[in-house]
Each structure stands twice: as structure tokens, then as C-alpha cells.
Amino acid sequence: MSRLLATVLIAAGLLPGAVLAGKAPLAVVAAASPAPLAAPIDFGPPQGEPIHAVLGIPPNVPPPINRKTPAKVIVDLEVIEKEMQISEGVTYTYWTFGGTVPGSFIRVRQGDTVEFHLKNSPDNKMPHNIDLHGVTGPGGGAASSFTAPGHESQFTFKALNAGLYVYHCATAPVGMHVANGMYGLILVEPPAGLPKVDHEYYVMQGDFYTTGKYREKGHQPFDMDKAIEERPTYVLFNGHEGSLTGDHALTAKVGDSVRLFVGNGGPNLVSSFHVIGEIFDKVYYEGGTHAQENVQTTLIPAGGAMMAEFHVDVPGSYVLVDHSIFRAFNKGALGILKVDGPENKAIYSGKEVDSVYLGDRANPNLHAVAAAAKANASGTLSKDDQIAAGKQLFTGTCSVCHQANGEGLSGVFPPLAKSDYLAKQDKDHLIGIPLHGLTGKVTVNGKEYDSVMPPMSQLTDDEVANILTYVLNSWDNPGGQVSKEEVSKVRATPAPAATGH
């Protein structure tokens, strides 16, 4: 490349100044074409026959667009109100675009003329519409798409600006429609397309507001007061806890390139999106034209989006989180990218990230927890059901201190295995330990321990009951069974004063 040409490209913003100084690698030069995104342009009328858009079901996206000319693209999207699982044993009535949360991924080309058909299922109870942030026009289409149950609306727009845009329902009360899952992404590709990658995935964060607490079993209605006060029960990727873990984890192989299309439906929270163990090569922040490089964590505003590109160099489980970290481990905003392939000790010598650190969602889906919840709902819950569910919950909640085998850590955390302390305490006291915590000196199996167990107030009554039932029936402990009702009774009792024991 001549020095004059490099100077021109730098002035145009297509190359960094480091190229002129001879510091940038050849890959930087190659990356300048195709340009990722482009300015607003009207490419003229559509050419050829109309095309029916192929929609992506999350976490999948439609294939890249390889057309050289603008087209008329017909998008058919149906609003469906449906009850689905938000967590193991917990259901919620979602309002959806296309039957999923987030809604179907829409992919068009800059300059396309989009004929949009919005259908409202006749089984629905509410009117709905759609506001696409990629539309130039009143309400982003909302003013033209108000649709009653059993009806269909149609409007047309030209995709003038390349970028990654949120769409959502804008029917009053807008916040309630969005909070119930009515959001998705539309990608307007630049004419030259996006650089080729091995995998593209669709992830969207949302905050949900239920009358019951986190993981409280049964059907949970929407709580308007919590939503107004911005106190979400759940913060989730792709609409439900476990949507991107276990059997549903994203996948790649060592050496692959990955592009994440990530949106934030809100309605309230800003996302601090992060992939544990990876660094984003590029982030097209806010879904726009410019890219930041070598990014650890990026902000995604409510109603905003971003694209991230990176390579995976070593195998393991890479955890997607909102780095407002309690949202990840205590409200559900956690996913996994599972990478298979040969190790590279020169890059990373250690073992795969420990599953205790990742929490219970790093393991396969919590089938035993779901089975216990179903049995409890039908009145057939057995001790064996509780033990199986308690074991899975213990792994993600308690084993980091007490260890998977119940032996604790010598001189730090008392053992639960063969514990004389458990054997001589009454049931209410044992229930009170996870509910209220335990501080001060205790003697277990003849040894004194002086540490702090914080209250596990995030656990529901049935989770506490199942964990305690598992512990009492494991590692040669005396046995017994704790019920949800017994836990509820102790929870309602004021916590004892924090004194030593």
C-alpha cells in the first residue's frame, strides 16, 4: 500500500493512523473492506420479484444477504400471547412477536423496501403494534400498525440506515407490553455485507417483574408496581432462565470466529454485557457504524443493541453475563458458549472454569428441580423428589463453601458430613440457618469454627426445604424431611439477634 493511499484511507476513517506509522498488521488493512455499516442512502426502487423474509428463531439468525441490489422484502410477523416457563417450575404469560422472547430476528439490506405485515392472533386478549427503531417514520411504524386481536395491519418502509436495531410493542401501557417480552432485533446490512464469521448468534436481555420472588414455583403474574419501581424479579437472556445453558448452550470450535447480535429490550435496566474468559476483538457499540477494539465489557442501553466479534482460541465454557453481577447469579442473566477442540497450553494452561463458580445453571438443565416442582403441584412430592432436587440446588448454592462431599474446609467452614451439630439441633434451628444466616463460634465434630454464613434469602421456601432434606439424608447424617410449609413458618418468625454460639 502506498503512503499516499494510506493517508487518504486514514482521513476517510477507514484505517487507523498506526498503519501510516508501520505499526498495524496486514489484517487491519484487510478489515477495512467491506465497511461494516454505511450512512443513510436511498438506493432507488426495488429490483426483481418480491422476497419473503426468512426470520430467525433465537438464538439463531437468518443467513447473510448476498444480493447486490435492493429488493422488496415482505415480513410476516404474528403476535402470540402464550404461557411459557420462565424458570424451572415457574410459568409466566408472555406477549411475543412470533411465539418467542425475544421476537423473530429480521434481516434486510440497506435500501430494501420492506412491506411489513403484523398479525394479532385471534386467541389474544390485547391489541398490539410494533415500533421498529430502524424505521424512518412516525412511531417507527407504531402509528400504522395498531392491530386488534384477529386482525392484520400492513405498512411499508425503506431501510435507509444500516445498523442493528431494536423493535418492540408501543401500545399503551408501553412498559407493560415490553416487560412481557415484546421486543426483538432487526439487522439492516450494509450493501457490502458484514465480514464473514463461522457463527452468528442472537441474544437479547430483558427484565421481568413477577408477583412472586425469584424462582418461586407456580404461575407468576406480572407485577406493575415492581416494574414502575424498577425492581425486577428476573433479568434474563432470551426470555427464560436456562435459555442459553445446558442443552441450549451456544456452541463453537477452537479457532472459530463468532459474532453476537445482542440487544436489550429493557424495559428499564441498562446491560453491562460481558463474556467471561473472552475479549471482544470488535464491538459495534449501540449497533452503529463505529467499532471499538479489544473490549472487555460493553454497555447496552434499554432499547439499544450492539454487535461483538471475537475468536475462540482455547476450549471450555465461556459464560455470558450482565456484569451487574447479582443479575447473573441471582436473577438469571447467564448463558454459556461451549467451545470444543484441542487445548493450547501456550495461551491458557489451567483447567476449565469451575462449575461451582458458574452456579447451578452451568450444569445440565435442572430436571430434578422441575420434577419436584411438578410433583409438589400435584400433591405427590416424595422425600426422594426433594433429595434429588436438593442435590442440584446444593451444587450451585452451597458446595463452594461446604464442598460437594459435605466435608467443608478445615479450620474455615464446618463439615456437613457426619455432622453431630446437625444431629442435635431441632428442625426450626436448622431451617433458620439458611434463612437468617449464622455468625459466631460453633463446635462441629469436636472442632471449633468461627466463620460467617450469610443468609440465603434469595432461596424460596421449597428450595430451602429441598436442600435441607438432601443434607439430612446424605453423608451418614441422621435423615429426616423438611417441608415447604415448615420453612414458611420459620421465615415468618423474626430472626434471632446476631450472637455467637
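**Figure 1. Strand β12 is covered on both faces.** In this predicted model, strand β12 spans residues 234-237. Y234 and L236 lie on one side and V235 and F237 on the other, and all of them are buried. Buried stands for under 20% relative accessible area, exposed for over 50%, and partly exposed for values in between, with a 1.4 Å probe and protein chains only. Strand β12 pairs with strand β10 (residues 199-208) in the antiparallel sense over 4 bridges. Two strands count as paired if DSSP finds at least two bridges between them. D207 has V235 of β12 as its bridge partner. Strands (E, at least two residues) and helices (H or I, at least four) are DSSP runs, numbered from the N terminus.

The model is predicted, with local features needing pLDDT of at least 70 and side-chain atom pairs counted only at pLDDT 80 or more, while totals for chains, interfaces and linings use all residues. Residues are numbered from 1 along each chain as its sequence is written, and side-chain values use heavy atoms, with hydrogens and water left out.

**Figure 2. An open sheet is formed by 5 strands.** The strand order is β13-β21-β20-β15-β18, and the pairing is mixed. At the edges stand β13 (250-253) and β18 (297-300); each has a single partner strand, so one side of each is left without a neighbour in the sheet. Neighbouring strands of this sheet are turned by 20° against each other on average, direction ignored. For such angles, axes are lines fitted to C-alpha atoms, for helices over the stretch in contact, and angles run from 0 to 180 degrees between N-to-C directions. Strands β20 (residues 316-322) and β21 (residues 334-340) run antiparallel and are joined by 6 bridges. Within this pair, S317 stands opposite K338 in β21.

**Figure 3. Helix α7 has a buried side and an exposed side.** The helix comprises 12 residues, 367-378. At 1.5 Å a residue it should span 16 Å, and its end C-alpha atoms are 17 Å apart, which agrees. The expected span is 1.5 Å times one less than the number of residues. A368, V369, A372, A373 and A375 are buried in α7. They cover an arc of only 165° around the axis, which puts them on the same side of α7. The arc is taken over the directions from the helix axis to the C-beta atoms. An α-helix has 3.6 residues a turn, so residues three or four places apart point the same way. H367, K374, A377 and S378 are exposed on the other side of α7. The buried residues of α7 pack against α8 (383-397) and α12 (461-472), where contact requires heavy atoms within 4.5 Å. Just after α7, G379 takes a positive phi of about 80°.

**Figure 4. H168 and H402 are two buried histidines.** H168 belongs to strand β8 (residues 163-168) and has a relative accessibility of 14%. Residues up to four places away in sequence aside, H168 touches F97, N129, I130, D131, H133, V178, M182 and Y183. The C-alpha atoms of H168 and P102 are separated by 9.6 Å, although these residues are 66 residues apart along the chain. H402 sits in helix α9 (residues 399-402), with a relative accessibility of 15%. With neighbours within four places in sequence left aside, H402 is in contact with F394, E407, G408, P414 and L416.

**Figure 5. The cysteines form 0 disulfides.** A disulfide is a pair of cysteine sulfur atoms within 2.5 Å. The sulfur of C398 has its closest cysteine sulfur in C401, 8.7 Å away, which is too far for a bond. C398 counts as buried at 16% relative accessibility. C169 is buried too, with a relative accessible area of 0%.

Figure 6. Most residues other than glycine have a negative phi, and most peptide bonds are trans. N445 lies in the loop between β22 (438-444) and β23 (447-453) and is partly exposed at 35% relative accessibility. D476 lies in the loop between α12 and α13 (484-491) and is exposed at 65% relative accessibility.
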